[in-house]
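This report describes a protein structure for a reader who is new to the subject. Please keep the sequence and the three-dimensional view at hand while reading.

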Amino acid sequence: MSSGECRLLERFCERGPIVEIIKYPHPTLRHRSKPIRRVDASLRDIVREMFALMYEAQGVGLAANQVDLPYRLFVANLGGEDRGPDEELVFINPVLSHPKGSAEAEEGCLSIPGVYAPVRRPAQITVSAYNLQGEAILKEMDGLTARVVQHETDHLDGVLFIDRLSETAAADVKDALAEFEAQFSERRSANQIPPDQQIAERLAGIEADYCS
Ligand code: ZN
């Protein structure tokens, strides 16, 4: 085993395997991720695992926060029913600009499964980012793609779609969110979720490795 492989394994052990999509109100969903400075084999493995989890949950987008990791990246596949690897999109360090127009449509989130509500966002957006090959992406987007890119970039800033609801829509989902909060408290009481401090320290450790 080369020292390079050794370091990779150590990093994998520190991080631990991705096991699930975390649910609201897990504190990592409120973490604002710092830009990634390095793309390596370990990061590519993570992206592969994220696509697998996203497909299993029948989602169209998944941000790293949602698998309890502080990386500024998300994956998406808007290819529809027959979608495959050709339609896979990876956005690393996305930056949004030039919002135009306004559109409202129903959104949901794999971290708040079963909850849907109308969200108003710019109808068009320009995104600049890097893909997994380290190539710069600059695209103007509209329709569902623009919505997904904005929803997922929000995740990387610790923002959820439920933060962007009208008063009426917020009132409609209030009880469902309270149910998620109760389930989270139960899991925490059963020691299935670590205390906030422990989660923050773990995220900071991973960030120190990938973001500097
Ligand atoms: Zn989401």
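Valine 148 counts as buried, because its relative accessibility is 7% and buried means under 20%. The model is a predicted one. Valine 148 belongs to helix H3, which covers residues 143–156. Leaving aside residues up to four places away in sequence, valine 148 touches Val60, Gly61, Ala76 and Leu78. One of these, valine 60, is 88 residues from valine 148 along the chain, yet their C-alpha atoms are separated by 7.6 Å.

When residues up to four places away in sequence are not counted, proline 113 touches Lys23 and Phe180. Proline 113 and serine 33 are 80 residues apart in sequence, and their C-alpha atoms are 23 Å apart in space.

## Salt bridges

A search of the whole structure finds 15 salt bridges. Three of them are listed below, with the distance between nitrogen and oxygen atoms.

| Residue | Partner | N to O distance |
|---|---|---|
| Arginine 38 | Aspartate 209 | 3.5 Å |
| Glutamate 140 | Lysine 100 | 3.7 Å |
| Aspartate 196 | Arginine 188 | 2.7 Å |

Consider the salt bridge between arginine 38 and aspartate 209. Arginine 38 lies in the loop between helix H1 (3–15) and helix H2 (41–56), whereas aspartate 209 lies in helix H5 (residues 196–210), so this pair ties together parts that are 171 residues apart in sequence. Arginine 38 counts as partly exposed because its relative accessibility is 29%. Aspartate 209 is likewise partly exposed, with a relative accessibility of 25%.

The side chains of glutamate 140 and lysine 100 meet in another salt bridge. Glutamate 140 is in strand S7 (residues 136–142) and lysine 100 is in strand S3 (residues 88–100), so the pair ties together parts that are 40 residues apart in sequence. Glutamate 140 counts as exposed, because its relative accessibility is 54% and exposed means over 50%. Lysine 100, at 41% relative accessibility, counts as partly exposed.

In the salt bridge of aspartate 196 with arginine 188, the closest N and O atoms are 2.7 Å apart. Aspartate 196 has a relative accessible area of 45% and is therefore partly exposed. Arginine 188 counts as partly exposed because its relative accessibility is 23%.

Salt bridges can also join into a group. Here, Glu107, Arg121, Arg147, Asp154 and Arg164 are linked in a network of salt bridges.

How values were computed. Residues are numbered from 1 along each chain as its sequence is written. This is a predicted model: local features need pLDDT of at least 70, side-chain atom pairs count only at pLDDT 80 or more; totals for chains, interfaces and linings use all residues. Side-chain values use heavy atoms; hydrogens and water are left out. Helices (H or I, at least four residues) and strands (E, at least two) are DSSP runs, numbered from the N terminus. Buried means under 20% relative accessible area, exposed over 50%, partly exposed in between (1.4 Å probe, protein chains only). Contact means heavy atoms within 4.5 Å. A salt bridge is a side-chain nitrogen of Lys or Arg within 4 Å of a carboxyl oxygen of Asp or Glu.
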